[in-house]
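Subject: The model you asked about

Hi,

Here is the structure, with the sequence alongside.

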Amino acid sequence: MKDLGITYQDVYDLLHRACTTISPDVLYLMRNAVVQESHPEAKVFLETMIDNVAQATLQDKPVCQSPGFPTVWIRFGEYFDMGPLLSYLPKALTQATQEGLIRPSIVHPLTRHNPGDSTGLGVPNIELRYVPDQPFVEIIMSAKGCGAELGNISKILTPATLGKNYSGLKQLVLGYRN
């Protein structure tokens with residue numbers, strides 16, 4: 001097994017950057033959208049979002065007051081020891097929450113208990129992907145917005161429950177009946 005050479009501070013710094021800025025490609029797309037936008041209110045909204053990113057980065061504050069559900073995607077090749085990295089992630093998440101980078105809004109889906117530190121069973125969500133012969137480890141960290149404080153629903157829609165003109169789907173999503 002090859003040591004990644006990654007420290008707890010490296011993991012915390014990655015999480016910190018994920019909370020206080022956005023990736024350059026997304027910022028480029030946002031700036032491009034401002035140039036192409038013709039609706040005045042939409043243009044102002046996009047400009048405000050871009051300014052928010054700049055201010056968050058400048059002031060070392062979160063880009064979003066509620067960054068959602070922390071998710072980490074890790075692609076790795078042969079012979080890498082993932083143990084230290086996997087043990088650092090929940091600890092760094094707790095520290096980031098204590099320091100105000102992440103709002104502690106993660107609750108148990110059934111009991112609604114909030115541990116107050118953005119952790120719990122399956123939090124953070126860590127998705128590992130083994131890639132044979134890959135000579136490096138790729139880590140992508142994101143706080144997926146999901147409205148943690150909102151109720152969610154999951155339902156299997158069969159052809160019968162979909163109904164004519166998708167009335168069952170409309171009822172599920174929009175909450176009304178035809």
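Let me start with a loop: Arg112 sits in the one between α4 and β2. Keep in mind that this is a predicted model. Arg112 isn't a glycine, yet its phi is positive, at about 65°. Its relative accessible area is 43%, so it counts as partly exposed.

Asp133 is another non-glycine with a positive phi, again about 65°. You'll find Asp133 in the loop between β2 and β3. With a relative accessibility of 65%, which is over the 50% cut-off, Asp133 is exposed.

Pro135 belongs to that loop too, the one running between β2 (125-130) and β3 (138-144). Pro135 is exposed because its relative accessibility is 64%, and the cut-off for that is over 50%. What lies 7.8 Å from Pro135, C-alpha to C-alpha, despite being 59 residues away in sequence? That's Phe76.

**The overall layout**

The protein chain has six helices and three strands. Reading from the N terminus, the order is α-α-α-β-α-β-β-α-α. Of its 178 residues, 25% count as buried. If you take the contacts between residues at least 6 apart in sequence, 73% of them join residues at least 24 apart. The accessible surface is about 11800 Å², and carbon and sulfur atoms account for 58% of that.

**Helix α4**

This is the element I'd look at next. α4 covers residues 83-98, which makes 16 residues. From first C-alpha to last it reaches 24 Å, close to the expected 22 Å. Where does α4 kink? At Leu89, by about 25°, shortly before the proline Pro90.

The buried residues of α4 are Leu85, Leu89, Ala92, Leu93, Thr94, Ala96 and Thr97. As a reminder, an α-helix has 3.6 residues a turn, so residues three or four places apart point the same way. After the helix comes Gly100, and its phi is positive, near 90°.

Nonpolar side chains in soluble globular proteins tend to be buried together. Here the largest nonpolar core has 20 residues, and those with the most contacts inside it are Leu15, Ile74, Leu85, Leu89 and Ile102. Three elements, α1 (8-20), β1 (69-76) and α4, each supply at least two residues of this core. Which of them gives the largest share? It's α4, with five residues.

Leaving aside residues up to four places away in sequence, Leu15 touches Ala92, Leu93, Ala96, Ile102 and Met141. Apart from this core there is another one, of six residues, including Leu27, Met30, Ile50 and Val53.

**The salt bridge**

How many salt bridges does the count come to? One. Side chains of opposite charge can pair when their charged atoms come close. In this model Arg75 pairs with Glu138, and the closest N and O atoms are 2.7 Å apart. The pair links distant parts of the chain, since Arg75 is in strand β1 and Glu138 is in strand β3, 63 residues apart.

Ala18 is in helix α1 and is partly exposed, with a relative accessibility of 32%.

Arg31 is in helix α2 (residues 24-36). Arg31 has a relative accessible area of 48%, so it is partly exposed. The C-alpha atoms of Arg31 and Leu46 are 8.0 Å apart, and the two residues are 15 apart along the chain.

Cheers

Technical notes
Residues numbered from 1 in each chain as written. Predicted model: local features only at pLDDT ≥ 70, side-chain atom pairs only at ≥ 80, totals over all residues. Heavy atoms only, no water. Helix = DSSP H or I, 4+ residues; strand = E, 2+ residues; numbered from the N terminus. Buried < 20%, exposed > 50% of the residue type's maximum accessible area, 1.4 Å probe, protein only. Expected span 1.5 Å × (residues − 1). Bend = angle between axes of the 7 residues up to and from the residue. Core = buried A, V, L, I, M, F, W, Y, C linked by side-chain atoms within 4.5 Å. Contact = heavy atoms within 4.5 Å. Salt bridge = Lys/Arg side-chain N within 4 Å of Asp/Glu carboxyl O. Areas by Shrake-Rupley, 256 points an atom, 1.4 Å probe, with all protein chains shown as cover.
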